[in-house]
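Here's a quick tour for anyone meeting this structure for the first time. Have a look at it, then read on.

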Amino acid sequence: MPFANLDLERIRAEFPALACDTVFLDNAGGSQVLGRVADRIHHYLLHDNVQLGANYLASRNAGDRVLAARRSIAELVNAVDDDEIVMGPSTTALIGTLVEALRPGLRAGDEVVVTESDHEANIGAWARLAEVGVVVRIWRVDVARLGLAVEDLDALIGPRTKWIAMTQASNILGSVNPVAEVARRAHAVGARLCVDAVAYAPHRLVDVQACGADAVVFSFYKVFGPHYAVLWARRDLLLSLPSLNHFFIGQDVLPYKLQLGNVNYELSYGCAGIADYLRDVGTELGAVGDNRSRMQAAFDAFARHEDDLAEQVLGWLRDRRGVRIIGLPSVTTGERVPTISFVVEGVMSEAIVGRVDAHGIGIRFGDFYARRLMEALGLQQHGGVVRISIAHYNTADEIRRLLIALDAAIP
Ligand SMILES: Cc1ncc(COP(=O)(O)O)c(C=O)c1O
């Protein structure tokens with residue numbers, strides 16, 4: 001049975017930036033930050049900022065805080081163990097690190113599969129493996145269905161496939177991909193799966209075990225936190241990788257061997273505020289049980305609210321002459337996050353965004369670094385898509401304001 005609905009006034013009070021009059025609908029670009037995350041970063045820098053690893057009390061306290069934060073992130077993603085959690089500056093950098101560590105274990109003729117619909121963060125590093133003779137196969141989008149068809153994968157994988165890299169939700173199409181099914185097919189041929197969960201994590205509770213992947217990466221600046229990111233990977237996989245760190249930090253030293261130098265202590269500590277927030281929202285909605293059950297209740301309520309708002313936008317776009325929605329045209333529960341892209345016949349996307357901007361509404365246009373998808377769908381002629389991306393803290397009133405602005409902006 002669903003819990004109570006979100007108390008939006010209470011939710012919005014958690015995000016100090018929302019007190020201004022701007023309507024933030026570029027959340028897939030970057031979400032607003034929780035006040036409690038910013039407070040934690042501030043507190044850490046002013047009261048705990050010493051180098052970790054020493055015996056004196058302040059250093060031990062700081063070490064405890066950073067470790068507790070890693071544990072909190074492990075819980076947020078449902079990792080079996082917190083030493084499977086590698087922290088880093090961005091998703092792009094962490095996928096780069098993973099691929100660099102994999103590189104010595106790959107041979108010419110080994111194969112990797114990348115998709116045509118991903119953000120470049122989960123394509124480029126894999127594609128560069130071609131330099132060492134790895135065969136890079138491309139999982140093309142099904143242009144008619146505007147998405148990836150799992151049946152198309154079978155022709156691309158076989159005994160030489162080592163890795164498949166794909167996104168859990170597209171940052172353009174908004175569609176949620178069946179990663180568990182892809183993981184099953186990958187494992188059936190002895191391959192592994194790397195999932196970019198950046199566009200998924202603000203809308204659904206990440207569950208690295210249930211999704212079946214071998215590595216999952218996302219960035220906290222899309223999930224109500226700072227510019228910082230996490231790579232989870234299975235313990236056995238991590239242990240099989242060489243150390244990229246100093247020679248005396250051995251292959252068995254998880255996760256330090258893949259965290260070059262120090263991690264960012266204050267951002268690590270700050271990010272624990274995200275899981276706290278989700279747990280508290282779930283508790284207020286009436287959820288009981290362990291922290292993840294409460295977080296799940298929060299995300300269930302987010303999804304119901306986001307679906308309502310997204311359907312209002314999609315319905316409006318569906319009815320507007322000359323508009324082409326680039327993605328699923330309606331909310332079919334579970335299959336879509338509220339990231340909505342469209343183009344307008346004969347109009348450059350930049351022009352529409354410029355007109356909406358005048359209403360104090362933040363949306364944006366472009367390829368969003370999913371350039372290969374734009375090319376596959378022939379959307380460069382519009383200068384990319386217009387993208388409206390909703391977060392759980394957006395209100396029906398903000399969507400009304402958006403639709404008034406779009407009405408004036410679209411001829
Ligand atoms: C789906 C997706 N993956 C990856 C990234 C890149 O994340 P980062 O900037 O942390 O490298 C983005 C950023 O927009 C994204 O939307």
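## Around the ligand

The residues around the ligand are Ser90, Thr91, Thr92, His119, Ala121, Thr167, Asn171, Asp196, Val198, Ala199, Ser219 and Ala229; a residue counts as near a molecule if its C-beta atom, placed from the backbone, lies within 6 Å of it. Sorted by class, that shell has 4 nonpolar, 7 polar and 1 charged residues. Here Ala, Val, Leu, Ile, Met, Phe, Trp, Tyr, Cys and Pro count as nonpolar, Asp, Glu, Lys and Arg as charged, and the others, Gly among them, as polar.

Bear in mind that this is a predicted model, where local features need pLDDT of at least 70, side-chain atom pairs count only at pLDDT 80 or more, and totals for chains, interfaces and linings use all residues. Residues are numbered from 1 along each chain as its sequence is written.

**The chain as a whole**

- The chain has 14 helices and 13 strands; helices (H or I, at least four residues) and strands (E, at least two) are DSSP runs, numbered from the N terminus.
- Its radius of gyration is 21 Å, close to the 22 Å that the globule rule gives for 411 residues, so the chain is as compact as a globular protein of that length. (That radius is taken over C-alpha atoms, and the rule is 2.2 Å times the number of residues to the power 0.38.)
- Along its principal axes, the C-alpha trace spans about 65 × 50 × 40 Å.

- Where they touch, domain 1 puts in 36 residues and domain 2 puts in 34 residues; contact means C-beta atoms, placed from the backbone, within 7 Å.
- On the domain 1 side, the elements giving two or more residues are α11 (291-319), β10 and α13 (371-376).
- Of these, α11 gives the most, with 8 residues.
- That side of domain 1 has 20 nonpolar, 10 polar and 6 charged residues.

**The 7-strand sheet**

- This open sheet of 7 strands runs in the order β2-β8-β7-β6-β5-β3-β4, with mixed pairing; two strands pair if DSSP finds at least two bridges between them.
- At the edges sit β2 (85-88) and β4 (135-139), each pairing on one side only.
- Neighbouring strands are turned by 20° against each other on average, direction ignored.
- Strands β5 (residues 161-167) and β6 (residues 192-196) run parallel, joined by 5 bridges, and isoleucine 164 has leucine 193 as its bridge partner in β6.
- Helix α7 (residues 179-188) lies across β5 and β6, at about 155° to β6. (Axes are lines fitted to C-alpha atoms, for helices over the stretch in contact, and angles run from 0 to 180 degrees between N-to-C directions.)

**The 4-strand sheet**

- Another open sheet has 4 strands in the order β9-β10-β13-β12, with antiparallel pairing.
- Its edge strands are β9 (323-325) and β12 (364-366), each pairing on one side only.
- The twist averages 35° from one strand to the next.
- β9 pairs with β10 (residues 339-344) in the antiparallel sense over 3 bridges, and phenylalanine 342 in β10 is the bridge partner of isoleucine 325.

**Backbone details**

- The peptide bond from leucine 254 to proline 255 is cis, with omega near -10°, and proline 255 is found in the loop between α9 (235-240) and α10 (265-284).
- Asparagine 78 has a phi near 70°, a positive value in a residue other than glycine; asparagine 78 lies in the loop between α3 (57-77) and β2.

Notes:
Contact = placed C-beta atoms within 7 Å.
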